[in-house]
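Look over the sequence and the structure before reading on.

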Amino acid sequence: MPVEPVFETRIDRLTILDEHGRFDEELGAGLIPDEDVVALYRHMVICRHLDEIAFKLQRSGRMGTYPENRGQEATSLGAAYALQKKDWLVTCYRENAGLFWRGLPMELVLLHWMGDERGNEIPEGLNVTPLAIPIGTQMLHATGLGWASKYRGDDGIACTFFGDGATSEGDFHEAMNFAANLDLPVIFFCQNNSWAISVPTRIQCSAPTIAQRGLAYGMDCIQVDGNDIFAVVKAVRDAAERARTNQRPTFIEAVTYRLGDHTTADDARRYRDDEELEMWKLRDPMIRLRGWLDARGLWDDSKQASLQEEAEAHIAAAVQRASDIEALPPTEFFKNMYKTMPPNLQQQMSTMRTSSLGRNPETADQSAVS
Amino acid sequence: MANLTLVQAINLALIQEMERDDRVMIMGEDVGLNGGVFRVTEGLHKRFGEKRVVDTPLAESGIIGTSVGLAMAGLRPIAEIQFEGFLGPAYDQICTHAARMRTRTRGALTVPLVIRVPVGGGIHAPELHSDSPEAIYTHNPGLKVVMPSSPRDAKGLLISAIRDPDPVIFFEPKRIYRAFREEVPEDEYTVPIGKARVVREGSELTMVSWGASVIQCMNAIETSGRDIELIDLRTISPFDMETVSESVRRTGRAIVVHEAPLSCGLGSEIASRIMEECFLQLEAPVQRVTGFDTIMPYYKLELEYLPDAERIGQAIDEIVAY
C-alpha cells in the first residue's frame with residue numbers, strides 16, 4: 001500500500017502595515033476608519049505614558065512590582081477594538097491597552113499593582129476578568145465564558161490573552177481541546193513576545209510557529225504581525241465572525257516583543273542581547289502607526305505635542321485617584337471570602353487583635369466559670 | 001416519601017434542581033450517555049438533553065477551569081470529578097481560581113459551582129480510587145466542603161450546594177452509595193450547609209464523624225452499649241463547632257473519627273478547638289480514630305486502614321477508663 005498524506009496544512013502570516021511602513025491596500029483599505037485609527041494611536045500613546053509613570057512609581061516606592069506593557073500595545077488594543085462590548089476579555093497582565101479601551105478605569109490597574117484588591121473590583125456591565133497572575137490558567141475561564149454565551153444563545157464570545165510561555169502549560173491545551181471539541185465561541189490570542197521572563201520562545205515551542213499548536217485541535221489558526229494593529233484587527237474580526245456564526249474557536253499567534261523587562265523586579269540585560277532589543281525597537285507598533293498617520297496627513301508634531309500634554313494630565317489624574325482612595329479597614333480581607341461570613345471567620349475577625357488563637361473570649365469565659 | 005439509596009437521592013436532587021432552574025447544568029467525564037461510572041447521573045442525559053448534561057474531554061483541570069468560567073457568567077454548573085484521586089490535576093483551578101474569585105474581585109465575579117466527587121475507601125477499588133482528601137480543601141479558604149452520610153441528608157445538602165452562591169465541593173462517600181436505603185421526602189427540601197446533625201443523643205461521650213465513618217461509629221456505639229452522643233458534621237468547611245462544643249461541655253469526652261490520615265486531618269483541628277473551648281470540662285484527652293499516615297493501601301488491606309467498629313470501640317474503652 002502506498003503511503004499517502006492524510007492531512008496537509010500551512011500556517012499563514014498576516015501583515016497589513018509592515019515594519020517598513022508598507023500598507024496592503026487590498027486588505028487594509030477601509031478596515032479601520034481614519035478617525036478610529038487616530039483614536040487608537042492616541043490611546044497607545046496614553047498607555048505608553050502610563051508605563052513610564054508606573055515604572056517611576058515603583059522605583060520611588062509608591063507602587064509594588066509592575067509589568068510594563070511597552071511594545072505590545074497593538075495586540076490587546078486591536079482585539080478590544082475588533083470585539084463587541086458583550087464579548088469577554090479574559091486577560092493575563094500585559095493587556096492594559098485593550099482593557100482601558102473597553103472602559104476599565106485606569107486607576108483600577110494602578111490599585112491592583114499597589115496591592116489593593118479594589119483594583120479588581122470590575123465595574124458592573126464590563127465583561128472583563130481580573131488580571132491573571134498564575135500563568136496559563138485563565139484560558140479555561142474563557143472557554144467557560146464562551147460556553148455560557150452559547151448556552152444562552154446570546155452570540156457573545158470570549159477572547160483570552162496569554163503569552164508564549166503559557167502555551168507550555170497543561171491548562172492551555174485543555175482549554176483549546178475543550179473549545180474545539182465542544183464547539184465553543186472562543187478566541188485564543190497568544191502574545192508571543194519572545195520571552196517568558198528569561199526563557200526564550202524556543203524553549204516553550206520547538207515548532208516553527210506557535211500558531212500551529214491550534215492545528216492539533218482541529219482549530220483555525222493564524223500568525224499575525226502583532227505590532228501591526230491593522231493585522232490584529234482583521235484577524236480578530238475574522239475569528240469573531242467564525243465564533244459567532246459557527247461557534248468555532250480560533251487560535252491567533254501575534255508576534256510581538258516585550259520592549260521592557262518582565263516586571264520592575266526583573267533586569268532583562270542579564271539574559272538578552274541589546275542587538276535584539278534595538279532591532280525590535282524599530283518595529284514598535286506605536287511608531288509604525290504614527291508613520292501611517294503622518295503619511296496620510298492625519299497627524300503632525302503639534303498634534304503630538306498636545307497629545308503628550310494630554311497624556312501626562314490623564315495619567316497624573318489616574319495616579320491621583322489611585323493614591324487618594326480611602327484607607328481600607330484592617331478587617332477588610334475577611335469580608336469577601338463568602339457571600340455570607342461563616343461563624344469561624346466572624347470569630348477570627350472580631351478577635352484578630354485581642355486573642356492570639358482567634359479564640360472567642362466569651363466562649364473561653366464560659367468554659368472557665370462552668 | 002421514597003425509600004432511596006444515596007445514589008438515588010442525589011440523582012433525584014439533580015433532577016429537581018435542573019427542572020427548577022435552567023441555569024443548572026452537569027458536566028464531567030462519562031456523565032452523559034453512560035450516566036456516570038456510579039450511575040449518579042443516570043437518565044439525566046435523556047431527560048435534559050446534551051446541552052445540559054455534557055460529556056467533556058478527559059481533563060480534570062479543564063472541567064473545573066471551564067466550570068469557573070460558566071459560573072462567572074451566571075450559570076450553575078455541577079462538575080463531576082470521577083474519583084477523589086483525580087482531583088489533583090484540578091487542584092490549581094479549585095484553589096487558585098474557584099476559591100479566590102470572589103475575594104479577588106470583591107464580589108464583582110463569583111463562582112457558584114458544585115464539584116461532585118465520590119470519596120473514600122471500602123469498595124475494593126484500584127489505587128487512587130479510595131482516598132479522603134477533604135482536609136486539603138478545608139485548609140483552602142474560599143471553599144465549602146460537604147460530605148453527607150445518609151440519603152436524606154445527601155439530597156437536602158446537594159440542593160443547598162447547588163443554590164449556594166459560593167463554590168462547594170460535595171464529597172459522596174462511595175462506600176455507602178448503595179449500602180442502605182432511607183425514607184427521603186420526594187418534594188424539594190434543603191439541609192443547611194454548616195450545620196451538624198446529632199445522629200444519636202448521649203451523655204457519656206461525644207463522637208464526631210462524617211461520611212461513611214458515621215456508619216462505623218454507629219456500629220461501635222451499639223456494640224459498646226454505652227450512652228454516646230454521635231454528631232455527623234455533614235459540612236466539613238465551615239464545620240459546626242457550636243454543636244460539637246455544646247455536646248463536649250456536657251459529656252466531657254470526645255472522639256473524632258475519619259478515614260483520612262491522622263496528621264493534619266480535620267480531627268487535629270477539631271481536637272484543638274475542643275481544647276480551646278471546652279478545656280475545663282474535659283475528663284480525658286480528645287481521641288482520634290483515623291486512617292494512618294500512609295498511602296491508602298490497595299484493597300486487600302484497605303479494611304486494616306479504615307477506622308472500623310473495633311478500633312472505635314477500643315477508643316471508647318480507653319477514653320471512658322482514662
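How many residues of chain B are in contact with chain A? In this predicted model, 40 residues of chain B meet 37 residues of chain A. Four helices of chain B each supply at least two residues of the side that touches chain A: helix 3, helix 4 (91–98), helix 5 (101–104) and helix 10 (266–278). Helix 3 of chain B gives the most, with nine residues. By class, this side of chain B has 15 nonpolar, 17 polar and eight charged residues.

The next topic is the domains. The domain assignment of chain A gives domain 1 (13–323) and domain 2 (333–369). For chain B, the assignment gives domain 1 (2–184) and domain 2 (197–321).

| Chain | Domains | Distance between centres |
|---|---|---|
| Chain A | domain 1 of chain A and domain 2 of chain A | 44 Å |
| Chain B | domain 1 of chain B and domain 2 of chain B | 26 Å |

Within chain B, 26 residues of domain 1 are in contact with 24 residues of domain 2. On the domain 1 side of this contact in chain B, helix 6 (134–138), strand 6, helix 7 and strand 7 each give two or more residues. The residues on that side of domain 1 of chain B divide into twelve nonpolar, eight polar and six charged.

In chain B, seven strands form an open sheet with mixed pairing, in the order 3-2-4-5-7-6-12. Its edge strands are strand 3 (53–55) and strand 12 (235–237) of chain B, each of which pairs on one side only. From one strand to the next, the twist averages 20°.

Strands of a sheet pair through backbone hydrogen bonds, and they can do this parallel or antiparallel. Strand 6 (residues 144–146) and strand 7 (residues 168–173) of chain B run parallel and are joined by three bridges. In one of the pairs between strands, B:V145 has B:I169 in strand 7 of chain B as its bridge partner.

Helix 7 (residues 151–163) of chain B packs on the sheet, where it touches strand 2, strand 4, strand 5, strand 6 and strand 7 of chain B. The direction of helix 7 makes about 160° with that of strand 7 of chain B. Helix 3 (residues 60–72) of chain B lies across strand 2 (24–28), strand 4 (76–80) and strand 5 (114–119) of chain B. Helix 3 runs at about 170° to strand 4 of chain B.

Key:
Residues are numbered from 1 along each chain as its sequence is written. Chains are lettered from A and ligands numbered from 1 in the order in which they are written. This is a predicted model: local features need pLDDT of at least 70, side-chain atom pairs count only at pLDDT 80 or more; totals for chains, interfaces and linings use all residues. Two strands pair if DSSP finds at least two bridges between them. Axes are lines fitted to C-alpha atoms, for helices over the stretch in contact, and angles run from 0 to 180 degrees between N-to-C directions. Two residues are in contact if their C-beta atoms, placed from the backbone, lie within 7 Å. Domain bounds come from an automatic or database domain assignment. Ala, Val, Leu, Ile, Met, Phe, Trp, Tyr, Cys and Pro count as nonpolar, Asp, Glu, Lys and Arg as charged, and the others, Gly among them, as polar.
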